[in-house]
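Keep the model in view as we go.

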Amino acid sequence: MIAEDPLVKEAWQALENSIIYYQERPVGTIAARDPDVQALNYDQCFIRDFVSSAIVFLLKGRSEIVRNFLEETLKLQPKERQLNSSKPGRGLMPASFKVESLNGKERLKADFGEHAIARVAPVDSCLWWMILLRAYVNCTKDTKLAYREDFQEGIRLIMELCLVARFDMYPTLLVPDGASMIDRRMGLSGHPLDIQSLFYAALRAGGELLFPNQDNQYLIKAIRSRLPALIEHIRENYWLDTHRLNVIYRYKVEEYGEEALNKFNIYSDSIPFHKLTEWLPEDGGYLAGNLGPSQIDCRFFSQGNLMAIVSSLTNKHQSLGILNLIETQWENLVADMPMKLCFPALEDLEWKILTGCDPKNRPWSYHNGGSWPVLLWMLAAAAQKMGRIDLAHRAINIAEKRLNTDLWPEYYDGKNGRLIGKEARRYQTWTIAGYLLAKELVDNPNHLKLVCFGEYPEVE
């Protein structure tokens, strides 16, 4: 049994030690507990970080901490319209929060990016919050919480934030660089895949959680309108395989009008065709990292591709193609620690221009080709969903050889992931939770319903 595994027991104890209490109630987990490194903001609870911990708690019947987290973070969401550029927008969720004592009373202090490096608002926080609320309701059947007026208002504000205010003609979500898990400059402004996969899952969650009353009808209609367009756009325009590359290779440019095939005016000279044709297997493919005017970012981003499988943003053929690619390129994408956040790394002049010479994002480190064990749970979920559980077992076996010995680091460096990240915190909570959740998903296929979505029905 999983509970008898010494490594699992140790991981569980580390997760327990990370719990944050507010007014004597558990409300989340801190990012890391490294005793030898300055805390900075790693002593806070990040919304994106807590999701993997929260799902593990739900699977073990510990729903109270998840409910408390959802309620307290909802209180931090700005509800009023304002035009002050230095304050967070209406409906946004904070990147993180911490418990402070003021005049002998505890309070929660939120960070919406105003204290973070680069001062970028966390677009993905509200998307993860929606995904977690859906998981909580699916696990506990506590629909009363989701249908409470304050929760319905919170859901509406998030949906309005994502669906209403737009300077865009695409069904995707337009965001600045650094607005997601990759929270530093990495050349991902525009429509990065990581955000689009989360956006799609959050829309699916919103459609399930909004009570079908008169107040919500306009948003329910908007969600039903956006989802098919988003699915078609991502599956058709982001997808890369050998057949798609042949089509792009022969693109004509400067086309105009509704019948244009090269809708984004992609110049074929901007795409490394020879590298990609050598890298892609005949039965594999993946979703590109970004798409915009005259641009396809051909880097492979693990979170966006794995979440696309988990949320059914990709179809069955594409989902299996992504897993086939991961298997074929195992030494590049997994190697000695699951798994690469992105591949390949930006190097030389490209690294200087796109990262601004960011020393933390040097090639094959941190966000720029580093290996992140938290992605283990997403790989396990995708593999279990698509009947490729062998990939999940293989990845978990690799991780188990080092994670505990290395004291559960945040990330690994190097092309093969053999080096503990140069600035990685130890006892990183989402590394611990990512491992525990991967084990649960592999051992209990029924748990997939908490994180996975079925195929979206056709909408006329």
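The largest cavity holds about 70 Å³ of space. This is a predicted model, in which local features need pLDDT of at least 70 and side-chain atom pairs count only at pLDDT 80 or more, while totals for chains, interfaces and linings use all residues. Residues are numbered from 1 along each chain as its sequence is written, and side-chain values use heavy atoms, with hydrogens and water left out.

A cavity here is a set of points, on a 1 Å grid over the protein atoms alone, where a 1.4 Å probe fits but cannot get out; a pocket is an open set with protein on both sides within 12 Å along at least five of seven lines, and lining residues have an atom within 4 Å of a point. Volumes are the space filled by probe spheres set on the points, which are joined across faces, edges and corners.

Around the largest cavity you will find, among others, Arg48, Trp128, Gln303 and Trp430.

Now turn to the open spaces. The largest pocket has about 870 Å³ of space. Of its 28 lining residues, Gly89, Arg90, Leu92, Leu161 and Ala165 are the closest to its centre. Helix α6 (149-163) supplies the largest share of that lining, 4 residues.

The second largest pocket has a volume of about 690 Å³. Asn41, Phe46, Ala116, Ile117 and Asp183 lie nearest its centre.

Methods
Helix = DSSP H or I, 4+ residues; strand = E, 2+ residues; numbered from the N terminus.
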